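Visitor: Could you walk me through this one slowly?
Guide: Gladly; here it is.
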Amino acid sequence: MSRIKFKKGRQRGFLMEVLRKMDCPSLRALNQFGFEIPYSTLKNYFGESRTLPEKFFNDLCYLSKLNKNNLNFEIIHENWGKIKGGKKSRRKVSPNKK
């Protein structure tokens, strides 16, 4: 699952713009549009401690009628920030231990 990364402070602005265009009084009111996202996760998106999933981002843009081409964001692929498999397990064995 790809993620959407905004510059610092821009994700909160994007979510506030979505709330304004959709005429929602709060983040909690977003779930009335059929999103089954816990409120704590929405707060993490709003506080920018998590990046937005691409599907959720596309749904928000569609419902709020925002043009994605006018937004400044970066698409991060699924393996971003992960360690390649097997790299960490290759440790040197000391000559004293057998």
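Guide: Helices (H or I, at least four residues) and strands (E, at least two) are DSSP runs, numbered from the N terminus. This is a predicted model, in which local features need pLDDT of at least 70, side-chain atom pairs count only at pLDDT 80 or more, and totals for chains, interfaces and linings use all residues. Residues are numbered from 1 along each chain as its sequence is written, and side-chain values use heavy atoms, with hydrogens and water left out.
Visitor: OK, where is Ser64?
Guide: Ser64 has its place in helix 3.
Visitor: And is Ser64 buried or exposed?
Guide: Ser64 counts as buried, at 4% relative accessibility, where buried means under 20% relative accessible area, exposed over 50%, and partly exposed in between, with a 1.4 Å probe and protein chains only.
Visitor: What does Ser64 touch?
Guide: Leaving out residues up to four places away in sequence, Ser64 touches Val18, Lys21 and Met22, contact being heavy atoms within 4.5 Å.
Visitor: What about Tyr62, buried or exposed?
Guide: Tyr62, which is also placed in helix 3, is exposed, with a relative accessible area of 68%.
Visitor: Switching topic, which residues are buried in helix 2?
Guide: In helix 2, which covers residues 39–46, the buried ones are Thr41, Leu42 and Tyr45. They lie on the same side of helix 2, because they cover an arc of only 100 degrees around the axis, taken from the directions from the helix axis to the C-beta atoms.
Visitor: What do they pack against?
Guide: The buried residues of helix 2 pack against strand 1 (3–6), helix 1 (10–21), strand 2 (52–53) and helix 3 (54–64).
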